[in-house]
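Hello,

Here is the structure I promised to pass on. Please open it first, then read the notes below.

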Amino acid sequence: MEYLQGELRGQTVLFKTCIDDMVPEDNTVRLIDQFVDSLNLEEMGFNVLASKGRPPYNPADLLKLYIYGYMNRMRSSRVLEKECRRNIEVIWLMKTLKPDHNTIARFRKDNPKAIKRVFRFSVELAKNFNLIGGVLIAGDSTKLRAQNSKKNNYNKKKIKRHLDYIDKKLEEHNADLSKADGDKKEEIEKQINKHKNQRQKYEALQKELEKDKTTENPQISTSDPESKHQIVRGSITEVCYTAQTTVDAEHKLLIDYKITNKNDKKAMGDMLKRAKDILKSNEFTALYDKGYHTGSEFHTADQLGIKTLVAIPAIGRKSQAPNPDYNAEYFVYNKEEDTYTCPEGHTLKSNGSHYKGRNYTFKQYKTKTCKSCPVREQCTTSKANGKVIQRSQYTEHIENNAKRIKESGNLYKKRQALVEHPYGTIKRGWGFDHIMTKKGIIRASADFGLIALVYNLKRIMNIVSFKDLSDNFKKVIEALLSGIFSILKPYNAVIIKI
């Protein structure tokens, strides 16, 4: 049987094919090349190594390599180093340059702010192709595992458990030592010394935790110091970072991101400020889930003049009335008289005093009529004071959100479809469910910044035809560059902050 025969490997040819002929004209690697070549990377703040000894690599070449790598699910600097030697697309893109993995890794580590600016540029690019609506946005967060195991994360309770265990083992070993001799004695002494060394390590960590007064439950991560042990979902926990993102509804493009090590409770206000600055408007509606339902954040949104729709969490068990019809939400507030009216028609008044909560102040409203009310047992379980309603300085903002939710119809239902599209692509499709870098939020931000940049570029390439992009890339980017650096130059601007 005859088969197709390949050429002899040792055969020389008269006309050698050039590298450019090996990459098709419609290959996306050509768009990556065009995109990066059109940027002024020095203006964007990319670090250039001092020109002593061997000349440094051009930041443009390393940025192209990273964009290509992330587009093709390759984030490791060692993998990218290999691709420079065997992947024809990368060889074409890098013009046969072969940087080592340390050079590649340093580029990502040293340029988090510049990478943020390139991401912001992708948003401006999308605007110029009319891909950003700026009418409806949605915000959410996702947890990304850090390069730090749970074993290397400590809090006060965990340290105490370790110390108690060591003390118990030392007692056992000391008891055995008094009865042992010879080789057995030496083995026990080794175990005792091992536990004593461990005890010193945990005591040092305990002292560090005692010094930390920034939170009630401080923790230490020894591999990646700024990563935190957080709840991912239900009872599942991870040592991770939180990626806060904002998505535009028009084409599900990311318009902003921020890496933190905190939960969602205090995140909405800051993300809305950034969104207003990016979109140059506050004439949009923002959708968030119940994790963002915080009074102070509603206050910030109202000050910004931004309409928010935030899911209302269920009432806590302690705040529930025996009969749900008598929950606090059914008590009507009279703003002019500063009183509440209960479902039975009784008036609850305040004594005018303000009480201090953890992050807010509040007034209490109650009535003496509770004592003789026939439905008291359905309304409250309190034996002394009867029903007490608390109203903070943020309650009005919370109530306004509840009204907007009620009036919005099915608008809020769009939130999940908007925010989960990028996460589904990034985490499920590409497998980017963890942070590649170590040693802090700034480096983690560089990693996620490249993920967000590549997500946007792929979306733009999927929506706009290759020919339109190729024909208009240079023209659009030149037009953008003429005005965008007035935005990008102030390093302390809200949109530039990591």
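**What I found**

Met22 sits in the segment before helix 1 (28-37). Keep in mind that this is a predicted model. Met22 is partly exposed, because its relative accessible area is 42%. Together with Ile19 and Ile88, Met22 forms a nonpolar patch on the surface. The accessible area of the three together is about 220 Å².

Now the interior. In soluble globular proteins, nonpolar side chains tend to be buried together. Here the largest nonpolar core has 86 residues. Which of them touch the most other members? They are Phe35, Phe46, Leu63, Ile67 and Leu272. Helix 14 (residues 441-463) gives the most to this core, namely 13 residues. There is also a second, separate core of 12 residues. Among its members are Ile159, Leu170, Leu205 and Leu209.

Asp61 lies in helix 2 (residues 59-71). Its relative accessibility is 9%, so Asp61 counts as buried. Beyond its neighbours within four places in sequence, Asp61 contacts Met94, Lys95 and Leu97.

Asn87 is in the loop between helix 3 (77-86) and helix 4 (88-93). Asn87 is buried, at 15% relative accessibility. Its side chain makes a polar contact of 2.9 Å with the side chain of Glu83. Glu83 also forms a salt bridge with Arg86 (3.1 Å, N to O). The two are 3 residues apart in helix 3, so about one helical turn separates them.

Two more pairs deserve a look:

- Arg199 and Asp167 meet at 2.9 Å, N to O. This pair links distant parts of the chain, 32 residues apart: Arg199 is in helix 8 (residues 182-211) and Asp167 in helix 7 (residues 156-177). Arg199 is partly exposed at 22%, and Asp167 is partly exposed at 28%.
- Asp270 and Lys258 form a salt bridge, with the closest N and O atoms 2.8 Å apart. Asp270 lies in helix 9 (residues 268-279) and Lys258 in strand 6 (residues 254-260), so the pair ties together parts 12 residues apart in sequence. Asp270 is partly exposed at 27%, and Lys258 is partly exposed at 23%.

Finally, Asp20, Glu25 and Arg30 are linked in a network of salt bridges.

Best wishes

Note on methods. Residues are numbered from 1 along each chain as its sequence is written. This is a predicted model: local features need pLDDT of at least 70, side-chain atom pairs count only at pLDDT 80 or more; totals for chains, interfaces and linings use all residues. Side-chain values use heavy atoms; hydrogens and water are left out. Helices (H or I, at least four residues) and strands (E, at least two) are DSSP runs, numbered from the N terminus. Buried means under 20% relative accessible area, exposed over 50%, partly exposed in between (1.4 Å probe, protein chains only). Contact means heavy atoms within 4.5 Å. A nonpolar core is a set of buried Ala, Val, Leu, Ile, Met, Phe, Trp, Tyr and Cys residues joined through side-chain atoms within 4.5 Å. Patches are made of residues with over 30% relative accessible area and no salt bridge: like charges are joined within 9 Å, nonpolar side chains (Val, Leu, Ile, Met, Phe, Trp, Tyr) within 5 Å. Accessible areas come from the Shrake-Rupley method with a 1.4 Å probe; for residues, only the protein chains shown count as cover. A salt bridge is a side-chain nitrogen of Lys or Arg within 4 Å of a carboxyl oxygen of Asp or Glu. A polar contact is a pair of N or O atoms within 3.5 Å; within protein, one must be able to donate a hydrogen and the other to accept it, and residues adjacent in sequence count only if both atoms are side-chain atoms.
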